[in-house]
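Hello,

Here is the structure I promised to pass on to you. Have a look at it first, and then read on for what turned up in it.

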Amino acid sequence: MAETSYAIALGSNRRHGRHGAPKGVVRAAIAGLSELGRIDAASGIRATPALGPAGRSFANAVAILATDLAPDALLDALKRIERDFGRRRGRRWGARVLDLDIILWSEGAWGGPGPIIPHPHYRERDFVLVPLAQIAPGWRDPLTGATVRQLLARLTRPAPAHR
């Protein structure tokens, strides 16, 4: 496969023996992604409140990875990196050392096998859209046609006042 780009969301809310606090885990994971291709951009790492019953706040970032891996092969590689960092399968919203998700792909949508791209929930998650907008504000959602900047504006726009 020819080289394409992916937006990869990274998150952590548990310490790691070697990398320390979640921010250090995310920093190390961004470096680890370079084993799969070239890191073209990486957002800043931001602290975000816990989502669901995870209990602990997260460190989140997004990286743009250029690689020749197809989406299904990339998903397998990301799951391997998660395991290398000590992630174990468990409850869906639980605490985790590392979470890696494919958010967008430069070739558009992918419905399987493997991942669903774009990620089905990224449009509702400011912890993905804020760092993604830092590094790829003009990337268009292949399903809606909206840019990341527009999606973030829609998500963060104040609700209209009711009369």
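Starting at the N terminus, the elements follow the order β-α-β-β-β-α-β-α-α, which makes four helices and five strands in the chain. Please keep in mind that this is a predicted model. Of the 163 residues in the chain, 45% are buried. The accessible surface is about 8,600 Å², and carbon and sulfur atoms account for 50% of that.

What does β1 pair with? One partner is β4, in the antiparallel sense and over nine bridges; within that pairing, serine 12 sits opposite alanine 59. Another partner is β5, also antiparallel, over six bridges, and here alanine 7 has leucine 104 as its bridge partner.

Next, the nonpolar cores. The largest one has 25 residues, and those with the most contacts inside it are Ile8, Leu10, Leu33, Leu36, Leu74, Leu78 and Phe85. Two or more residues come from each of β1 (4–12), α1 (22–33), β4 (58–67), α2 (71–84) and β5 (99–105). Of these, α1 gives the most, with six residues. Apart from this core lies another, of 18 residues, including Ala9, Ile64, Ile103 and Leu151. Back in the largest core, Leu36 is worth a click: leaving out residues up to four places away in sequence, leucine 36 touches Leu65, Thr67, Leu69, Leu74, Ala77, Leu78, Arg80 and Ile81.

The helices α3 and α4 come next. In α3, the buried residues are Phe127, Val128, Leu129, Pro131, Leu132 and Ala133, and they pack against β1, β3 (46–48), β4, β5 and α4. In α4, Val148, Leu151 and Leu152 are buried. Looking down the axis of α4, these buried residues fall within an arc of 100 degrees, so they line one face of the helix. They pack against β5 and α3.

Arginine 46 and valine 130 are 84 residues apart along the chain, while their C-alpha atoms are separated by 9.2 Å. With 25% relative accessibility, arginine 46 counts as partly exposed.

Proline 71 is 39 residues from tryptophan 110 in sequence, with 7.6 Å from C-alpha to C-alpha. Proline 118 lies in that loop too. Most peptide bonds are trans, but the one from isoleucine 117 to proline 118 is cis, with omega near 5 degrees.

Last, a residue from the loop between α3 (126–135) and α4 (148–156): aspartate 141. Is aspartate 141 buried or exposed? Its relative accessible area is 2%, and the cut-off for buried is under 20%, so aspartate 141 counts as buried. What does its side chain reach? It makes a polar contact with the side chain of tyrosine 122 at 2.6 Å, and it reaches the backbone nitrogen of leucine 143 at 2.7 Å. Setting aside residues up to four places away in sequence, aspartate 141 touches Leu104, Pro118, Tyr122, Arg123, Ala146 and Leu151.

Enjoy looking around!

Best wishes

Conventions
Residues are numbered from 1 along each chain as its sequence is written. This is a predicted model: local features need pLDDT of at least 70, side-chain atom pairs count only at pLDDT 80 or more; totals for chains, interfaces and linings use all residues. Side-chain values use heavy atoms; hydrogens and water are left out. A nonpolar core is a set of buried Ala, Val, Leu, Ile, Met, Phe, Trp, Tyr and Cys residues joined through side-chain atoms within 4.5 Å. Buried means under 20% relative accessible area, exposed over 50%, partly exposed in between (1.4 Å probe, protein chains only). Contact means heavy atoms within 4.5 Å. A polar contact is a pair of N or O atoms within 3.5 Å; within protein, one must be able to donate a hydrogen and the other to accept it, and residues adjacent in sequence count only if both atoms are side-chain atoms. Two strands pair if DSSP finds at least two bridges between them. Accessible areas come from the Shrake-Rupley method with a 1.4 Å probe; for residues, only the protein chains shown count as cover. The arc is that of the directions from the helix axis to the C-beta atoms.
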